[in-house]
Amino acid sequence: GATSEIAHKCLSQMKIIVRSIYSNPPSHGARIASLCLNNRDLRIEWEDCLKEMHARIRRARTYLHTALKMANVPGNWDHILSQNGMFSYTGLTKAQCEVLIEKHHIYLLKSGRISMCGVTESNAKYVAESFKDAIETAKEN
């Protein structure tokens with residue numbers, strides 16, 4: 001009836017508005033980036049922050065790799081060290097990832113992609129032991 005027609009028209013207008021927002025993001029982010037990159041002191045501070053984040057993620061990879069070896073987790077985990085960036089492909093199966101998520105509350109994509117930013121010196125052992133449990137107990141379909 002009339003209500004359904006009005007809802008359809010409203011949805012159509014909302015889609016137009018949303019499309020313009022996605023296609024034309026606000027410029028304030030670009031202005032902030034420009035300010036930081038074009039100001040010598042701010043750029044140096046930004047570069048220092050990047051270096052610090054990079055070093056932190058490299059340490060997280062080392063913590064996890066060491067913990068995996070110490071826990072005798074089956075498999076070769078050298079790819080944890082050789083990969084770059086915030087994420088790592090663990091090589092775990094979907095079933096193993098489901099064990100990590102449901103039993104151990106370690107959240108990662110079911111493709112095995114995990115955020116290295118969540119790994120710390122204090123939790124690397126728990127993560128490694130959880131990987132071991134997932135590998136040993138996951139029921140593959």
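1. The model is predicted, with local features requiring pLDDT of at least 70, side-chain atom pairs counted only at pLDDT 80 or more, and totals for chains, interfaces and linings using all residues. Residues are numbered from 1 along each chain as its sequence is written, and side-chain values use heavy atoms, with hydrogens and water left out.

2. The protein chain holds six helices and two strands, where helices (H or I, at least four residues) and strands (E, at least two) are DSSP runs numbered from the N terminus. Along the sequence these elements follow the pattern α-α-α-α-β-α-β-α.

3. The radius of gyration of the protein chain, taken over C-alpha atoms, is 22 Å, whereas a compact globule of 141 residues would have a value near 14 Å by the rule of 2.2 Å times the number of residues to the power 0.38. The C-alpha trace spans about 65 × 55 × 20 Å along its principal axes.

4. Of the 141 residues in the protein chain, 25% are buried, that is, under 20% relative accessible area with a 1.4 Å probe and protein chains only, while exposed means over 50% and partly exposed lies in between.

5. Gly85 sits in the loop between helix 4 (78-82) and strand 1 (87-89), and Gly85 counts as partly exposed because its relative accessibility is 40%. Leaving aside residues up to four places away in sequence, Gly85 touches Ile57 and Arg61, contact meaning heavy atoms within 4.5 Å. The C-alpha atoms of Gly85 and Ser115, which are 30 residues apart along the chain, are separated by 9.2 Å.
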